[in-house]
Amino acid sequence: RFIAKPCAINLGIQDSGPHRAQPNAILEKVFTSITKSPDGKRLEGLSKQLDWDVRKIQRWFRHRRNQDKPTTLTKFCESMWRFTFYLSIFFYGIRFLWTAPWFWDTRQCWYNYPFQPLTSRLYYYYILELAFYWSLMFSQFTDIKRKDFLIMFVHHLATIGLITFSYMNNMVRVGTLVLCLHDASDCPLEAAKLANYAKYQRLCDAFFMLFGVVFIVTRLGIYPFWILNTTLFESWELIGPYPSWWLFNGLLVTLQVLHIIWSYLIIRTASKALVRGKVSKDDRSDVESSSEEEDVTSNSTKGIFSTSSNGSNRLNGHVAGGQWTGE
């Protein structure tokens, strides 16, 4: 409100929402009670009932759906908040872990386990991360529903479960490694979304490519060969199997499966960007395309209704201006 919004206004981002649908009690009742995307048969029935052209009714539902979506200014402020958090918590984690012995030797995560001291810096690091992911869990139901909604829901559940479970079992040393590793790729992603909302296309593309490289290196390289190696093999060797070992590693492996899915989507988006010359849309997000021509077209048959949907963020974000975004 006091930092992100003035920054957005200085960058020329207007606090103006999409074109609002004209008031209509019948269509509003259908929209709120029955369906937000009526099929052809229902459209024909509404056309006869209202004596409206089918395209006009399609356009009304289009505008009504977009009417509930947040403005670019709102999305910019949200992304700036997330960027600030991820950047701050990442540098906090790096500064804290740089002097930690288990950062350089993962076997230190299991020496003298479970009798390992919980320092105040480690405690606050855990609590901040847990609070943030709980906020993402709740806000996911109020944000725009994207195609990766279920994947993100599973991701948040697994993350919260891992943070809570590792804290309760005093596996905080390896937990800090997992948290710091995941925060590394979130910073360039949010930076790319900020550049996208501000219409700095080249900067957006550069940050997205940086995000893709960092994501794949950390999630498909460092995570399985560094984190999973110590939780699956080194822990088994040093402290042996224990009942919670299976649950803990099961959650970590679940995250790895999600990493593979997201990496595929990122690579596909990057491939499209190389072909088209710019990052078009994040394959993890839903958007309804809109053109200026349609917004100003009259109710005649010249109006064209089109819906495009591409299957990240959000990691939690939205597509704006026909360009990509996502978590």
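I began with burial: a residue is called buried under 20% relative accessible area, exposed over 50%, and partly exposed in between, using a 1.4 Å probe and protein chains only. This is a predicted model, in which local features need pLDDT of at least 70 and side-chain atom pairs count only at pLDDT 80 or more, while totals for chains, interfaces and linings use all residues. Residues are numbered from 1 along each chain as its sequence is written, and side-chain values use heavy atoms, with hydrogens and water left out.

**Entry on Tyr126**

I looked up Tyr126 and found it in helix α7, where helices are DSSP runs (H or I, at least four residues) numbered from the N terminus. Tyr126 has a relative accessible area of 2%, so I noted it as buried. Contact means heavy atoms within 4.5 Å, and, leaving aside neighbours within four places in sequence, the contacts of Tyr126 include Ile163, Ser166, Tyr167 and Met171. Tyr126 and Ser166 are 40 residues apart in sequence, and their C-alpha atoms are 9.9 Å apart in space.

**Entry on the helix pair**

I then asked at what angle the axes of α7 and α8 cross. The axes of α7 (residues 120-139) and α8 (residues 149-168) come within 10 Å and cross at roughly 155°, which makes α7 roughly antiparallel to α8. Axes here are lines fitted to C-alpha atoms, for helices over the stretch in contact, with angles from 0 to 180 degrees between N-to-C directions; under 35 degrees counts as roughly parallel, over 145 as roughly antiparallel, 65 to 115 as roughly perpendicular and the rest as oblique. Among the residues that meet are Tyr133 and Trp134 in α7, and Phe153 and His156 in α8.

**Entry on the loops**

Asn170, in the loop between α8 and α9 (172-197), has a positive phi near 60° although it is not glycine, and it is buried at 15% relative accessible area. Lys199, in the loop between α9 and α10 (201-239), also has a positive phi, near 65°, but Lys199 is exposed, at 66% relative accessibility.

**Entry on cysteines**

How many disulfides does the structure hold? I found 0 disulfides, a disulfide being a pair of cysteine sulfur atoms within 2.5 Å. The sulfur of Cys180 is too far for a bond, because the closest cysteine sulfur, in Cys187, is 9.5 Å away. Cys180 is buried at 6% relative accessible area, and Cys204 is buried too, at 0%.

Conventions: Helices (H or I, at least four residues) and strands (E, at least two) are DSSP runs, numbered from the N terminus.
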